[in-house]
Amino acid sequence: MVLLVEDDLDLAEAIKMGIEDEGLRVEHVSDGTTGLARATTGQPDLVILDVRLPGLSGFDVCRELRRNSNVPVLFLTARSSETDKVVGLELGGDDYLTKPFGMRELRARVRAMLRRAHTQPGEEKRIRVHDLLILPERQSVYRNQERLALTASEYQVLLTLAQRPGMILTREMLMEALWQTDRNTGSPLTVNVHVRNLRSKLGDDPENPRYIVSVRGVGYKLREEGR
């Protein structure tokens, strides 16, 4: 089930119809307080969350959700509000779309986010790097036997880097890994903020990184052990 929290009723109806054309069930609510309640009790597979809402804002809803849930969150933001995009991602949102947007792009984002969140267990072996243990079959990351609370997007970025330790991955390559599609989907800003969030959860100092190294003008790499 996709939970849509949007107070513009005409836009909400268009989004609902577009997503239901993908064979998905959509529940729509129009304020943040109700949205948080339904996201908490209804166990949606994805939350589409407008930033500007009556009652609780979209930021407030995401902040509260992230206390106990890693459900994928797609923010809807105003075209000119770069701050909204960054804040939403830093609060744990997986991605954003700026209004107005095309229904084709929305459906592509929804499909990619659901696919990433519900990837079936595979045969890939566990990955050990530094003091991190990555279990692809569980989509889990442990450090010193403590499970890290990563969103699906943060996990995918870390897994992609860990599969190629020491190799520089461009932002475009990481975008492809996130969306499993062409490079025109998503934004480098999304990658940058997910990396920033990862560093925070890993306790990594970007000025003297133990894990994720920035390569100016190119992208990122996971530092090899002993280097």
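The protein chain averages a pLDDT of 88, and 92% of its residues score at least 70. Among the elements of secondary structure, strand S1 (residues 2–5) has the highest confidence, at 98, while helix H7 (residues 171–179) has the lowest, at a mean of 86. A word of caution applies to any model of this kind: where pLDDT is low, the predicted coordinates should not be read in detail.

Eight helices and 12 strands make up the secondary structure of the protein chain. With a radius of gyration of 18 Å, close to the 17 Å given by the globule rule for 227 residues, the chain is as compact as a globular protein of that length. Along the principal axes, its C-alpha atoms fill a box of roughly 55 × 35 × 30 Å. Of the 227 residues, 49% are buried. Among contacts with a separation of 6 or more, 56% link residues 24 or more positions apart.

Turning to the sheet, four strands form an open, antiparallel arrangement in the order S6-S7-S8-S9. Strands S6 (127–129) and S9 (146–147) stand at the edges with a single partner strand each, so one side of each has no neighbour in the sheet. Helix H6 (residues 152–162) packs on this sheet, where it touches S6, S7 and S8, and its direction makes about 105° with that of S7. Within the sheet, S7 (residues 132–135) and S8 (residues 140–143) are joined by four bridges in the antiparallel sense. One of the residues involved is Leu133, whose bridge partner in S8 is Tyr142.

The loop between S9 and H6 holds Leu148. This residue counts as buried because its relative accessibility is 11%, below the 20% cut-off. Leaving aside residues up to four places away in sequence, Leu148 touches Leu132, Val141, Arg143, Lys201 and Leu202. Between Leu148 and Met173, 25 residues apart in sequence, the C-alpha to C-alpha distance is 24 Å.

Definitions and conventions. Residues are numbered from 1 along each chain as its sequence is written. This is a predicted model: local features need pLDDT of at least 70, side-chain atom pairs count only at pLDDT 80 or more; totals for chains, interfaces and linings use all residues. Side-chain values use heavy atoms; hydrogens and water are left out. Two strands pair if DSSP finds at least two bridges between them. Helices (H or I, at least four residues) and strands (E, at least two) are DSSP runs, numbered from the N terminus. Contact means heavy atoms within 4.5 Å. Axes are lines fitted to C-alpha atoms, for helices over the stretch in contact, and angles run from 0 to 180 degrees between N-to-C directions. Buried means under 20% relative accessible area, exposed over 50%, partly exposed in between (1.4 Å probe, protein chains only). pLDDT is the predictor's confidence in each residue, from 0 to 100. The radius of gyration is taken over C-alpha atoms; the globule rule is 2.2 Å times the number of residues to the power 0.38.
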